[in-house]
Amino acid sequence: MKMDVLLGLQWGDEGKGKIVDVLAPEYEIVARFQGGPNAGHTLEFDGIKHVLHQIPSGIFRSQILNIIGNGVVLDPIVLKREIDGLGKFSIDYMKNLVISKKATIIIPTHKLLDAASEKSKGDKKIGSTLKGIGPTYQDKIGRTALRVGDILSPDFKEKYEALVAKHKTTLSFYSHPLDELPAMEEQFFAAVEFFKTLNLIDSEYVVNEALDSKKRILAEGAQGSLLDVDFGSYPFVTSSSTMAAGACTGLGVAPSKIGEVFGIFKAYCTRVGSGPFPTELFDQDGEDMRKEGNEFGSTTGRPRRCGWLDLPALRYSIMINGVTQLFMMKGDVLNIFEQIKVCTHYELPSGERIDKLSFEITEQEVSPVYKTMKGWNCSLENIHSYDSFPTELKDYVEYLETELNVPIKLVSVGPDRTQTIIR
């Protein structure tokens with residue numbers, strides 16, 4: 001048995017949470033492999049909207065085991081808040097939620113470091129969510145971080161104090177105030193005590209033994225491929241590997257055990273924070289797109305930047321991930337447009353046209369070259385099959401499929417579970 005991987009192909013917010021929830025009945029395990037509480041996965045069913053930040057999106061299916069893998073950075077405070085929020089839905093998290101002892105812990109001073117670093121960048125800030133993600137991954141790479149298993153150690157407090165002392169030296173350099181720290185620490189240690197009661201495991205064994213037992217596993221990514229620390233629009237990226245390869249290191253699974261790679265993309269593009277965005281719209285179309293798609297961050301509430309679909313960027317993400325199936329999300333957001341544009345190439349300042357996402361694209365302005373298509377300009381609310389799609393929407397889907405050379409197997413036409421059309 002091989003593990004399937006589901007990930008975003010743009011700058012995040014593609015709708016991964018909804019699709020994990022839709023696909024979950026086909027799997028026995030759903031596992032998060034990277035990221036932290038800077039990711040918000042939104043699910044909507046039975047008239048209720050749910051936003052998860054660290055818990056895998058299979059948590060609402062009682063028969064599914066949900067694993068938080070070693071590649072994740074965990075904030076105990078946020079995790080406790082999330083679990084408390086699940087209480088009213090009678091979810092037995094002690095039965096279907098387990099956490100890797102090798103996952104890294106976000107401590108209060110990581111958040112202070114995040115704020116201090118972002119403030120020091122001035123106009124060149126990257127748009128961090130200030131959740132402490134970057135500094136935590138820095139400590140992980142620097143081999144000074146605390147991991148989930150450490151909270152069970154009798155000298156956890158000493159390890160914590162040693163790391164905080166290191167952080168305070170850096171915060172002193174930035175002249176960053178520490179007034180908030182005592183209250184943050186009180187909340188943190190209360191959450192750690194709760195954390196100790198959860199199922200903390202060596203998840204790499206659980207995952208591999210499950211595969212050997214022919215169990216179906218879906219690995220769930222956070223953020224999007226264009227925010228990958230190696231292959232994204234650096235330095236305006238997240239701090240982890242958001243692509244399919246990250247599922248191997250984030251769960252302890254060999255590359256040979258990866259099966260299907262499901263790539264999710266919006267029918268248009270959005271981005272939160274700073275960084276290049278060739279198809280970004282600054283006109284009424286962009287504002288209408290934002291309003292129609294309710295494009296505001298599920299974690300931060302920040303308005304998302306909106307633009308037309310970018311084929312060179314999408315092809316790039318498909319290539320580096322080895323995508324085998326595509327899922328197109330939020331097709332209904334384009335209902336309002338009489339004409340729809342798709343970026344086919346970039347034009348450089350020299351006048352040269354390219355269709356690749358080169359290293360230089362983050363350093364120089366490029367102009368999108370568009371193909372214009374007729375929009376369907378009607379509601380999709382009562383659509384329940386692909387055959388019922390307006391001709392113009394079918395044309396859009398089939399054009400993209402031809403250009404990307406990967407089958408589009410699913411089209412989402414609304415936020416609810418039921419508004420998901422399988423082709």
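**Contacts and helix packing in a predicted model**

Me: In this predicted model, which residues does Glu14 touch, not counting residues up to four places away in sequence?
Reply: Glu14 belongs to the loop between β1 (3–8) and α1 (16–23). Leaving out residues up to four places away in sequence, the residues that Glu14 touches are Gly8, Leu9, Gln223, Gly224, Ile264, Phe265, Lys266 and Met329.

Me: Is Glu14 buried or exposed?
Reply: The relative accessible area of Glu14 is 1%. Buried means under 20%, so Glu14 is classed as buried.

Me: How many Å apart in space are Glu14 and Glu401, C-alpha to C-alpha?
Reply: In sequence, Glu14 and Glu401 are separated by 387 residues. In space, their C-alpha to C-alpha distance is 18 Å.

Me: How many residues does the contact take from domain 1 and from domain 2?
Reply: The domain assignment gives domain 1 as 3–103 + 200–262, domain 2 as 106–196 and domain 3 as 266–422. The C-alpha centres of domain 1 and domain 2 are 23 Å apart. Their contact takes 29 residues from domain 1 and, from domain 2, 25 residues.

Me: Are α4 and α5 roughly parallel or roughly perpendicular to each other?
Reply: Helix α4 (residues 108–120) and helix α5 (residues 133–141) have axes that come within 7 Å and cross at roughly 115°. Angles of 65 to 115 degrees count as roughly perpendicular. The relation of α4 to α5 is therefore roughly perpendicular.

Me: Which residues of α4 and α5 make the contact?
Reply: α4 passes α5 in a right-handed crossing. The contact is made on the α4 side by His110, Leu113 and Asp114, and on the α5 side by Ile133, Pro135, Thr136 and Asp139.

Me: Is the crossing of α4 and α6 left-handed or right-handed?
Reply: α4 packs with helix α6 (residues 156–173) at about 15°, their axes being 10 Å apart. The two helices, α4 and α6, are therefore roughly parallel. Their crossing is left-handed.

Me: By class, how many residues of the contact of α4 with α6 are nonpolar, polar and charged?
Reply: From α4 the contact uses Pro108, Thr109, His110, Leu112, Leu113 and Ala116, and from α6 it uses Tyr160, Leu163, Val164, His167, Thr170 and Leu171. By class, these divide into 8 nonpolar, 4 polar and no charged residues.

Me: What is the relative accessible area of His110?
Reply: His110 is placed in helix α4. Not counting residues up to four places away in sequence, it touches Ile105, Gly132, Pro135, Thr136, Asp139, Leu163 and His167. His110 is buried, and its relative accessible area is 0%.

Methods: Residues are numbered from 1 along each chain as its sequence is written. This is a predicted model: local features need pLDDT of at least 70, side-chain atom pairs count only at pLDDT 80 or more; totals for chains, interfaces and linings use all residues. Side-chain values use heavy atoms; hydrogens and water are left out. Axes are lines fitted to C-alpha atoms, for helices over the stretch in contact, and angles run from 0 to 180 degrees between N-to-C directions. Helices (H or I, at least four residues) and strands (E, at least two) are DSSP runs, numbered from the N terminus. Angles under 35 degrees count as roughly parallel, over 145 as roughly antiparallel, 65 to 115 as roughly perpendicular and the rest as oblique. A crossing is left-handed if the near helix is turned anticlockwise from the far one by less than a right angle, and right-handed if clockwise. Contact means heavy atoms within 4.5 Å. Buried means under 20% relative accessible area, exposed over 50%, partly exposed in between (1.4 Å probe, protein chains only). Domain bounds come from an automatic or database domain assignment. Ala, Val, Leu, Ile, Met, Phe, Trp, Tyr, Cys and Pro count as nonpolar, Asp, Glu, Lys and Arg as charged, and the others, Gly among them, as polar.
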